[in-house]
Amino acid sequence: MTNEDMAINTQYGYKAARASKFSMFKKTGIDLFLVAAVFCLIGIWYAGPAFFSHFADGIPVSSAGGGVGHMIPGDQYEMYYRHTLPYYNIRNGHSLFYSGYEYNLGQTKTFVDGMIYLPFALLVSMLAFIVGPVAAVNAVIILSFTFCAISGFLLGRALTASRVGGWVCAAIVALLPFRIGFLFGEMFYATDMAFVPLALFFFCKNMQTRKWGYAAAFALTVLALATSNFALLYWFLLFFCPLFFLMTVRLVSQSRGNWRALIPSLLAVALPFSIMGIYLLHVKAVMNESSLKTGQHIEEVRTYSPILSDFLSKWNGNERTIYLGIACLLGIVGWGLCLRQWNQEKDSVVSLMRKYLMLMFPLIYVLAFGTTFGDLTKIHLYEWMFHHVPFANGSRTPGRLMPLVAVSCAPLAGYAVAWFAGKLKDPRVRAIVAVAAISIIAIDFKFSNATMTTLDSNNRAYAVIGNNADSSTVLGIPVQFNADHYLNTTYMYYGLVNNLRMVNGHSSTYPPGWEKFEAIADPLNEGAASREVLHEMTRRGIGYLAVHMTANEPKAMPLVTAMFDRNPALSLLAQDRGIYIYKIKDPSLAPIAIEPGNVAEALAADPEANKATPDVQELSGWYGREEYPNQAPFQWMHGIKSIVLVRTKQGRQPQHLKFSYKCPTGQLTVEGQGISVQQDAKNQEGWTNVVVSVPLGKTTVLGLTAATLYTVATDERKFGCMVREFSIN
């Protein structure tokens, strides 16, 4: 062969290889386009008609039901807040991830919540400038079906060497009931779940090819997961770091000293994990300044642990949705096929990853049952992990392991269907098998029909104080006892869209000191804005009280506005659609203490407030209800004076208010118009039973007065007496 012939052959071989490579990319591109289109259509089917009827003015509140409401309470407002935060911050002139719309308790440092949902928050925010923030959120909800399906397809095709296996894997990842439940309610683990199979795919390709492109893609995907959802990142690292480590060691042992070829693969592992280590230290610092410093309690885990019947239930509340259905059966078949071929396959990257998933699938699924598995088998795996694995006690919801369960199961299920399809010679029949498998999974997983809530996009009352003209903080009333109560998300929404510094917030990393603040602010829930309470509010920078008396929770009693309207320290600035904005003018003008006469006057001046008062209502001067094993629940009086409202019906039979109390010293005095009081002797435990005869057919205001103030060195609260629950008969 002449040199010219050799050159022609070399050139021909190069062109043929390039053409083959182009053909492969073209085929992959067509596959991904089809996957995106098909699962986008399935997403539209899963969403339901109400979703598209209110695409531009509402967000999903629940994955089931299919109805429509207005400002329905729920965690969906936090979802909206997190995903549109950069958009509103740019519009409001703040830094990209400014979090000062919540938890302004008077602390010197502005609350920091981290770059949560960074990739998808940026995507939503960019779309928001084109279609508006509400439509942008809903668009990404539908697009999440394509994101998750594409990542599942790539992983499934890589680990099964089959397009059929890729489609099955895509269906399980994209349509997982756990994901759908959160997607149309709260959006946690619903969009960022796509990063888990994508990271495993890029890691697999990097180990196979040792190319810089796959190394960089793996690093970026893991970093995106780190900034999207550090809780999911933690579980991902906990269960898959051994795989990354073992595969890297295997690669080094096979390199035979060719370190230059190893650099992309080694950097792919070292770089993202180094940066993630720095990011996790930041997260740890945030948590150390929050309520999660000591972790969660195992009893909370027990509350959220799925029960055995949840295994067969498609949706049972987001946290306990662990259904895999047909996918689980296919995964078990795939597990068996892989086990049969365990010693027959070469130790390739693909086979080793499949073997690792065989181990992870049953292990993680068992752990997803939380304490339930231990209660049934006496093998307390989750409890051991919770108490002994670092940071595992930071989560109280075992069901949130389901993304990893799905990613471990899906390639095995895809392998089972691909094995069966591989037995068929006709490609058209294989295509029918793939379509049938996807259809069965989609139908089996289908339960959703999104319920929507329209948003209060332009409330005139909040608009009056919008954009923090005087930098005053706003306290939403009613104040919730728990700092991260889901009802606080409503206040987050109004704070975000009106650029306000709210006191109320919703985050598991809320700053310490909420319990102390709530005890001080709690009397405002009954309209008891005394001088002491208002002085404490202004000391913390709170200049406005936003009272919500809307159709839905959070919802204050009508008594609150009746009391605030008669308080000279407050002035009503504006009201709109059940929201009343009061400005704190001068706390020194407020009553020193709220007396029963103040309440009686407010009720007399506002018949609606009187009518809406429950039969027995603890008003000012009360701490929260406390409950302990083997004893009846009780409430401490806040200070020496507390007020109780009693409403009775017309009738001939006298009505009595009954309760019992226990004071550290002295007795409790009960005062009110037209009443008679009978107190029994103390029982052996020191409790005194009280019977109060109250007038019929009217509202009576009772004043309870303790003899002395009681304090404890280890508690900042000021106590009167302990009072057990009131009853009327």
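The crossing of helices H3 and H5 is right-handed, a crossing being left-handed if the near helix is turned anticlockwise from the far one by less than a right angle, and right-handed if clockwise. The model is a predicted one, in which local features need pLDDT of at least 70 and side-chain atom pairs count only at pLDDT 80 or more, while totals for chains, interfaces and linings use all residues. Residues are numbered from 1 along each chain as its sequence is written, and side-chain values use heavy atoms, with hydrogens and water left out.

Two packed helices are described by the angle between their axes and the distance between the axes. Axes are lines fitted to C-alpha atoms, for helices over the stretch in contact, and angles run from 0 to 180 degrees between N-to-C directions. Helices (H or I, at least four residues) and strands (E, at least two) are DSSP runs, numbered from the N terminus.

| Helix pair | Angle | Axis distance |
|---|---|---|
| H3 (residues 76-92) and H5 (residues 133-160) | about 120° | 10 Å |
| H17 (residues 402-422) and H18 (residues 427-445) | about 155° | 9 Å |

At its angle of about 155°, H17 is therefore roughly antiparallel to H18. H3 and H5 are oblique to each other; angles under 35 degrees count as roughly parallel, over 145 as roughly antiparallel, 65 to 115 as roughly perpendicular and the rest as oblique. The crossing of H17 and H18 is right-handed.

The loop between H3 and helix H4 (118-131) contains Tyr103, a residue other than glycine whose phi is positive, near 55°.

Ile477 and Pro478 are joined by a cis peptide bond with omega of about 15°, and Pro478 lies in the loop between strand S4 (473-477) and helix H20 (488-497). Another cis peptide bond links Glu553 to Pro554, with omega of about -5°; Pro554 belongs to the loop between strand S6 (542-548) and helix H23 (558-565).

The second largest pocket has 43 lining residues, and Pro523, Glu532, Tyr623, His638 and Gly639 lie nearest its centre. On a 1 Å grid over the protein atoms alone, a pocket is an open set of points where a 1.4 Å probe fits, with protein on both sides within 12 Å along at least five of seven lines; lining residues have an atom within 4 Å of a point. Domain 2 (460-592) and domain 3 (616-728) each contribute at least three residues to this lining, the domain bounds coming from an automatic or database domain assignment.
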